[in-house]
Amino acid sequence: MVLRLFSKRGPVRVQPFFGFRNSSRLYLSARAIRAPEPVFEQGSFWRGFATMLGQYASHEVPGIVAELEYTCADGTVARHQATSGPEGFIRFEVDIEQGCARAERTRWERAVVRWTCPDEPNYDQAQAVREVEAHILTPGEQTRIGVISDIDDTILETGITGNVRAIARNWKRVMAEMPSERVAVPGASDFYAAIGGDPAAKAEPHASPTQASGENTPRARVRPVFYVSSSPWNLFSYLVTFKRHRGLPLGPVMLRDWGFNRKTLGTKGHGSHKRDAILGILDTFPDLRFALIGDDSQKDLVAFGKIASEQPERIAAVFIRSVSDEPLSAEEIAAREAIEAANVPFWTGADYAAAQVFLESNGLDFEGDVERLVRTASEGDAPDPAVISSGARGAVA
């Protein structure tokens with residue numbers, strides 16, 4: 001089984017990632033690889049290890065010509081061709097006609113990606129065209145707030161803080177545990193269901209609990225949720241499967257192309273990647289304000305502080321989960337002060353219990369702002385012990 005992972009033979013599969021669009025442009029990335037669709041079944045350690053090794057040991061295929069077909073609500077069809085690069089990535093950026101107006105509410109839309117594999121044995125052009133369904137997140141015209149969230153140690157416990165030594169200590173978790181075995185951050189599922197605007201949703205639809213893909217379109221929440229993470233693109237299907245298991249909102253994920261070097265594994269790369277990805281989302285949706293959610297292990301506070309100071313009118317709130325016992329660095333203290341100076345509501349705590357207390361007792365106006373959520377959770381009459389009101393890792397606004 002392991003030897004097959006390193007074989008460069010076999011059919012080419014194009015893996016579309018979750019796309020998104022505004023009223024004028026659609027963005028979708030995909031990757032051409034020689035690998036079967038992953039199935040994350042619980043079993044022995046070695047079975048899990050082989051499954052995860054297959055995710056990391058992917059065989060990217062350059063030069064694959066793929067076409068994206070997207071049909072607007074009025075029947076207008078948009079098509080765009082792109083070719084996979086050296087690492088197998090395919091980038092679609094499609095101009096949308098005026099007839100492709102967004103719906104009033106946030107929704108997921110469908111597109112189709114088609115490709116051919118002329119280098120395969122017994123190639124027959126008529127039979128070699130393959131296709132896969134892709135999902136496009138489209139914020140509603142009436143939507144005013146979106147969510148941008150980190151993944152590692154924000155919704156998924158990792159024990160990794162961005163260095164080689166931490167990865168070595170947690171290698172079994174990274175290399176052998178299936179999505180159903182991974183530990184979610186306490187309170188994350190309920191909190192994200194609420195802030196996303198669908199507290200009744202306990203799980204995303206799926207064809208199989210062990211697969212990321214399926215025939216069902218993801219469930220749309222009131223507020224669109226985007227994820228920005230320093231994890232590699234190889235883990236896209238794994239992370240989607242984890243979120244389905246835990247009932248967490250699905251959304252476009254901005255991951256990184258990893259290499260075992262200082263830029264990838266160092267803390268500096270984490271912050272710059274997340275900052276650039278967040279700014280890209282802000283530019284794509286100038287009519288939305290966003291709640292930023294992260295943790296204190298990978299420079300999230302620094303990245304969020306910079307953005308909040310530069311564009312305070314675009315940031316509805318900042319949530320930082322505290323996972324480290326280390327004191328705030330001078331850079332992090334400056335970032336926290338910048339958030340407070342920009343008058344952006346700021347919450348930090350060991351978990352999401354304080355916000356949960358507020359949601360359960362007061363409810364949330366899904367079409368309103370999230371400032372009331374944060375301020376009430378931070379300044380309520382009965383402070384929750386999970387909220388850090390003073391100390392090494394910061395204070396709430």
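D287 sits in the loop that joins α9 (267–284) to β12 (289–295). Helices (H or I, at least four residues) and strands (E, at least two) are DSSP runs, numbered from the N terminus. The model is predicted: local features need pLDDT of at least 70, side-chain atom pairs count only at pLDDT 80 or more, and totals for chains, interfaces and linings use all residues. Residues are numbered from 1 along each chain as its sequence is written, and side-chain values use heavy atoms, with hydrogens and water left out.

D287 is partly exposed, at a relative accessible area of 33%. Here buried means under 20% relative accessible area, exposed means over 50%, and partly exposed lies in between (1.4 Å probe, protein chains only). Beyond its neighbours within four places in sequence, D287 is in contact with R102 and R144. Contact means heavy atoms within 4.5 Å. The side chains of D287 and R102 make a polar contact (2.9 Å). A polar contact is a pair of N or O atoms within 3.5 Å; within protein, one must be able to donate a hydrogen and the other to accept it, and residues adjacent in sequence count only if both atoms are side-chain atoms. I145 is 142 residues away from D287 along the chain, yet their C-alpha atoms are separated by 8.9 Å.

T154 lies in another loop, between β9 (145–149) and α4 (164–169). T154 is buried, with 0% relative accessibility. Its side chain makes a polar contact with that of D150 (2.9 Å). Leaving out residues up to four places away in sequence, T154 touches S149, V185, A188, Y192, I293, G294, D295, D300 and Y352.

D300 also belongs to α10, where it is buried. Eight of the 11 residues of α10 are buried, so the helix is largely enclosed by the rest of the structure. Among them are L301, V302, F304 and I307.

Helix α11 covers residues 330–341. Its 12 residues should span 16 Å at 1.5 Å a residue, and its end C-alpha atoms are 16 Å apart, which agrees. The expected span is 1.5 Å times one less than the number of residues. E332, A335, R336 and I339 are the buried residues of α11. Seen down the helix axis, they fall within an arc of 100°, so they line one face. The arc is that of the directions from the helix axis to the C-beta atoms. An α-helix has 3.6 residues a turn, so residues three or four places apart point the same way. Elements covering the buried residues of α11 include α10 (300–310), β13 (315–321) and β14 (346–349). A330 and A341 are exposed on the other side. N343 follows α11, with a positive phi near 60°.
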